[in-house]
Amino acid sequence: MRYGYFDNQNREYVIERPDIPVSWTNYLGVKDLCTVISHNAGGYSFYKSAEHRRITRFRQNGVPLDRPGHYVYLRDDDSEDYWSVSWQPVGKNLNQAVYHCHHGLSYSRFICDYNDIYAEQRLFIPVNEDVELWDLRLKNNGSKVRQLSIFPYLEFSFHHVEMDNQNLQMSFYATGADYQEGIIEYDLYYEPEEYYYFASSFRPDSYDTVREKFLGNYRTESNPRAVERGECHNSVELGGNHCACLHKRLNLSPGEETRLIFMLGAGRREAGKKIKEKYSQAAKVDRAFLNLREYWEGKLAAFQCRTPHQGLDTMLNTWNLYQAETCVNWSRFASFIEVGGRTGLGYRDTAQDVMAVSHSNPEMSRQRLLELLRGLTSQGYGIHLFEPEWFDPEEKKKGKFKSPTVVPERKPDNIVHGLEEACSDDALWLVPAVCDYIKESGELEFFDEMVSYADGGQATVYEHLKRILDFSAEQLGPNGICKGLRADWNDCLNLGGGESALVSFLHHHALLVFIEAAAYLGREGDVGQYRKLAREVKRVCEEKLWDGSWYLRGITARGKKIGSQENKEGRLHLESNTWAVISGVASEERARLCLDAIYKHLYSTYGLHLLWPAYSEVDDNIGFVTRVYQGIKENGAIFSHPNPWAWIAECKMGRGKRAMKYYNALLPFNQNDRIEIRQAEPYSYCQFVMGRDHSAFGRARHPWLTGTAGWAYTAVSRWILGIRLNFDGLIIDPCIPADWPGFEVTRCWRGATFRIIVKNPDGVEKGVREVILDGKQIELPVPPQKKGSEHEVVVIMGTRP
Ligand code: NOJ
């Protein structure tokens, strides 16, 4: 069953049936103001932090689904019939009304055709302004003059997620709203910065700011009293629950069209006035929308492909990068799954996320890297979850306003946690992330930039990376494998002093990446020292972790193997075996064996399971994973994030057909017509898909904010299509199915544009026979070219003579 389709021309996903079993969401805003919005216009906005600076309210996991939202009601003032431009909240009979939703890049359009009135509500946030615009178009397609009333509606939130859900004795009396000169201003009385406004391009006929007045008692957003009676109450009040509605009456003659703009912004009425003046001009709205489109086109242009695989092109060229960028912007805590209960940056997640976007968002990558570097302790482990401002020297200088309620101030010693809270993998991801950024930007000086440590002192970026490598070298268990500590990549594998194979493999990987950098910088002493260490790590891994047909996942503190053929449950794990190969630890023979075991035991048509067989017996020496239902999340679901690791590992082994088979299994695009099983958005990777041990096998959960986005993007662009970088050149090393005749990629790198044409005349899966740059044969890598120049690179796959 399908609910919509991909419109590649417009880079939109078009939902033709709004009665989807779950909400399909989109993200508006690319800087500080953000709205998470569903295909039924349910959702919420916040400014900078979904925890502290909430603007509109959201009743998560509620009944009915995903209320309230950013709604526009229409009312026929003759018949008194009313409906909403998005299908919900009024929920007109779908046999009588046509409802579509187009999710685009940082905008959503809700379209409704009902009773001869065509209506479209387009929501977006201009690139450089803290305002959400609601661009409403109406057309009378009938033969009668229509008298209509328009009611845009939103519900304000108390500013802090906790205050919004508890301690109402304070919050109820600390917010107020009023109306002047067509603008509703909402104010958190004791926080001098917390003001929001709602304005429109017209002079309202009536308004409401008190929720209970607008909705009426014992009613919901489905049947608000104000809409039913055709007029608001002009309500204002200090204290209580607030909303914003600006009502407008208008007549539409047959064939007549009109356009109304609404503006929800961060700031005081004065800011609202300026915005009202500006965006009351439709041309300015159009310009802002065009800027937003250009913003995304600019990013996407850094890598575009044309391959024989329609789904791959659709995802890679648009949705996959869009999702990856969204993760970098909002980390993990602003969605319908996490609604701001936590905030800040997860160390490992952020380090992995930035790797994927260094080409499309170098500024943000750099900023995030600095934040992570500042969140590193001098011992070499990262603060697992932190607010960048805690360690930002500029923020520290600012005097902070003391709110009478909320959060006790954080002191350095309660934000810099000890080893017992440290995750063994967190900072290891930062080593390749920093190097990727430098390969992309060419900013070698970044290695020598001075950055503070979370617990005091400072050193160069390069030195930070060494501390990370040294930390893992010191934190070894009895077998010489890295300790698991609180957790490794798998939040639910809690080994403490037990050992994690994955972390030793990651350590080896980070060492190789660092050695490449040190060699490039000519720091021979470090090259020698870390080469020696890498050899030792490899030796221990090969000696202690090989289990006959695959690699172990770890060893508990009591010395029991995890991920071994001798186990009854959790015999084979995906993460350790993929990283054994990616990290270069596994010999060719062992790499083949363990990857074949993955295929045999973990593969399904929906993707690769995280482990097999799922745990049914609790074992706290292994961790929380044994307390999760079988087939869900870390306990034997198809956990999406490590799936691309298997694609990369297969590409390293030259097996393009199998990499593509895995890719196709997980690809959301391929599930477009199976929504009765998948349920979730077909344009977004999800955190996990229920595994074969669960009755809902194939159901995808937790869209958008997952490390899968970045890794899927990286795996396809750098390993399947094979276009990646070293410090001084572009490498083109595809690994594709043999029946692909070739493909093309446009890649921008350091200001030059490369049109890469890959031909596969011999039908191979891997191997490059010849490279021709602008008509001349060259050896890889392709060197950097002059800024602004354009080049053609023809790559002939095949075996070298
Ligand atoms: C989601 C977390 O955000 C991520 O950090 C972790 O690696 C995965 N779950 C696996 O446990």
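**Entry 1: the sheet**

In what order do the six strands of the open sheet lie? I looked this up in a predicted model, and the order I found is β20-β38-β39-β42-β40-β41. The pairing is mixed.

Next I checked the ends. β20, residues 303–306, and β41, residues 776–778, stand at the edges. Each has a single partner strand, so one side of each is left without a neighbour in the sheet. I also noted the twist, which averages 25° from one strand to the next.

**Entry 2**

I then picked out β40 and β42. How do these two strands run, parallel or antiparallel? They run antiparallel, and five bridges join them. β40 covers residues 768–773, and β42 covers residues 790–797.

**Entry 3: the ligand**

Which residues surround the ligand? My list reads Arg-348, Asp-349, Trp-489, Asn-490, Asp-491, Glu-634, Phe-639 and Gln-687. Sorted by class, this shell has four charged, two polar and two nonpolar residues.

With the side chain of Glu-634, an oxygen atom of the ligand is 2.4 Å from an N or O atom. On the backbone side, a polar atom of Trp-489 is 2.6 Å from a ligand oxygen, and a polar backbone atom of Asp-491 is 2.9 Å from a ligand oxygen.

Last, I looked up the cover: the ligand taken alone exposes 300 Å², and the protein buries 87% of that.

Definitions and conventions: Residues numbered from 1 in each chain as written. Predicted model: local features only at pLDDT ≥ 70, side-chain atom pairs only at ≥ 80, totals over all residues. Heavy atoms only, no water. Pairing = 2+ DSSP bridges. Helix = DSSP H or I, 4+ residues; strand = E, 2+ residues; numbered from the N terminus. Axes fitted to C-alpha atoms, helices over the stretch in contact; angles between N-to-C directions. Near = heavy atom within 4 Å. Polar contact = N/O pair within 3.5 Å; in protein donor to acceptor, adjacent residues only side chain to side chain. Areas by Shrake-Rupley, 256 points an atom, 1.4 Å probe, with all protein chains shown as cover. Nonpolar A, V, L, I, M, F, W, Y, C, P; charged D, E, K, R; others polar.
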